[in-house]
Amino acid sequence: MSAACKLLAVLVLLLGLLASGVAPAQALTRTAQDPFVAEVLRLTNQYRAGAGLPPVVWNQSIANVSQAWAEEQNRRISKDTFTMEDIHREGYGSWQIPAGWDWYTENIGINNTARQIVDWWMASSVHRAGMLNPRATDIGVGWMKTTHPDYHGMYVVVENLAGYPATRATLPQVDLSSFREGDIAAVDAAGNLFAYPSAGGGDMWNRIWISSGWKDAAQIEVADWNADGIQDIVARRSNGNLTVSYGLVLGGLAAPRTIGFGGWSGFDIEVTRWMTADRFPGIIARELASGKAYYYANPSGGTHGARSYLGSGFKNSDTFTVDYDADGRMDLVARTAAGTGQLTLYRSNGAGAFLAETRRIIGSSGWNKITHLSTLPNHLGDGGAGFLARDTSGNIRYYKVTKNKTAAAVYIGRGGWESLKLGS
């Protein structure tokens with residue numbers, strides 16, 4: 001048959017279908033009134049409300065994109081061509097949704113009910129991070145009920161979430177700052193600064209690029225230096241200066257501001273509220289050459305103040321701060337360099353000095369395999385104490401601390417962390 005004849009045959013077929021009331025297949029339209037969609041939307045916003053976040057609003061244009069992809073996945077299931085490797089389209093649907101978004105993600109699930117779908121997403125640190133992202137404002141949902149006998153009538157569901165500034169302006173204000181208490185900051189070899197949001201004890205796979213220009217940062221600390229409720233980054237620079245980059249309420253960091261001029265290259269620092277009466281966090285500085293420790297007060301949330309002597313004997317040690325005995329006074333923990341590495345507790349009196357007492361060993365051995373230690377408060381979102389550790393295999397662990405007790409390690413990142421400069 002010639003090309004012209006084939007074209008004529010197709011046109012005749014289409015006209016015949018239209019004349020008989022049958023049109024070519026098109027994607028279904030799922031609205032917010034659809035019972036299944038309404039339940040996914042309700043549960044998603046219920047979980048967001050529980051996390052102190054505003055609801056996401058229905059966006060029909062996004063929903064149409066979600067529905068088209070749900071239908072495509074169902075077609076693949078029916079034809080036995082469905083695979084997890086290509087369950088997400090290129091761009092995760094971001095190319096198809098309306099322009100103007102500044103944040104985006106896609107969740108896909110297959111299960112028996114809307115409740116099971118959403119609960120599965122919440123049980124996955126990857127999907128949960130998207131559902132509970134504070135930048136999310138708009139949502140679209142699509143679904144199809146499978147007919148393949150191996151799937152027993154389960155639903156394939158696509159949820160697309162996006163953040164639009166125009167929608168955000170109509171919602172209750174939420175903290176969009178780049179770092180929160182419990183998060184980890186990391187600088188890579190190229191000098192890029194990333195935020196790794198807490199996954200509540202889950203794997204911290206998700207990272208957010210914050211800015212470049214951190215290659216000269218020898219050490220970084222996450223702390224609310226000016227006590228405005230937004231976490232900042234305090235950095236010890238390779239030129240010997242100390243800087244603070246104040247966190248911004250709408251995300252990102254202000255330009256670095258020098259708070260200590262020269263001489264800091266020979267110190268290791270921890271930013272903490274060392275004295276009970278401190279309004280602003282100060283700096284515990286351990287002199288590497290002598291092993292002496294000092295405390296630098298922070299009188300105004302700007303340039304640091306005068307220093308006071310804390311003690312000696314910390315040469316070749318690693319230290320971090322935590323209120324280990326839960327008495328409301330910050331303590332210092334030191335990892336010894338000798339042997340297999342022990343953790344020694346130096347309790348404070350809350351007024352800037354160590355208690356005169358026999359030092360207690362709170363970690364008996366094996367800590368020589370740890371390459372990074374730092375405090376990590378509120379990592380589980382419960383306001384509790386804890387600390388971060390990185391081992392020689394490039395894994396990171398979280399240790400929860402309750403009164404006079406260190407819980408078993410929880411792995412929150414496996415492999416690949418050894419090349420990063422960490423702060424918490």
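## How strands are counted and paired

Two strands count as paired if DSSP finds at least two bridges between them. The strands themselves are DSSP runs (E, at least two residues), as helices are runs of H or I with at least four residues, and both are numbered from the N terminus.

This is a predicted model, so local features need pLDDT of at least 70 and side-chain atom pairs count only at pLDDT 80 or more, while totals for chains, interfaces and linings use all residues. Residues are numbered from 1 along each chain as its sequence is written, and side-chain values use heavy atoms, with hydrogens and water left out.

Another open sheet has four strands in the order 7-6-5-25, and the pairing is antiparallel. Its edges are strand 7 and strand 25 (421-423), each of which pairs on one side only.

Look next at strand 6 (residues 193-196): three antiparallel bridges join strand 6 and strand 7. Leucine 193 has serine 211 in strand 7 as its bridge partner.

## The largest pocket

On a 1 Å grid over the protein atoms alone, a pocket is an open set of points with protein on both sides within 12 Å along at least five of seven lines, and lining residues have an atom within 4 Å of a point. A volume is the space filled by probe spheres set on the points, which are joined across faces, edges and corners.

The largest pocket has a volume of about 990 Å³. It is lined by 35 residues, and the closest to its centre are Leu132, Arg180, Asp183, Pro197 and Ser198. Helix 5 (125-131) and strand 7 (208-211) are the elements that give two or more residues to this lining, and the largest share, three residues, comes from helix 5.

## The cavity

A cavity is a set of points where a 1.4 Å probe fits but cannot get out. The largest cavity has a volume of about 40 Å³, and the residues lining the largest cavity include Pro54, Arg168 and Val174.
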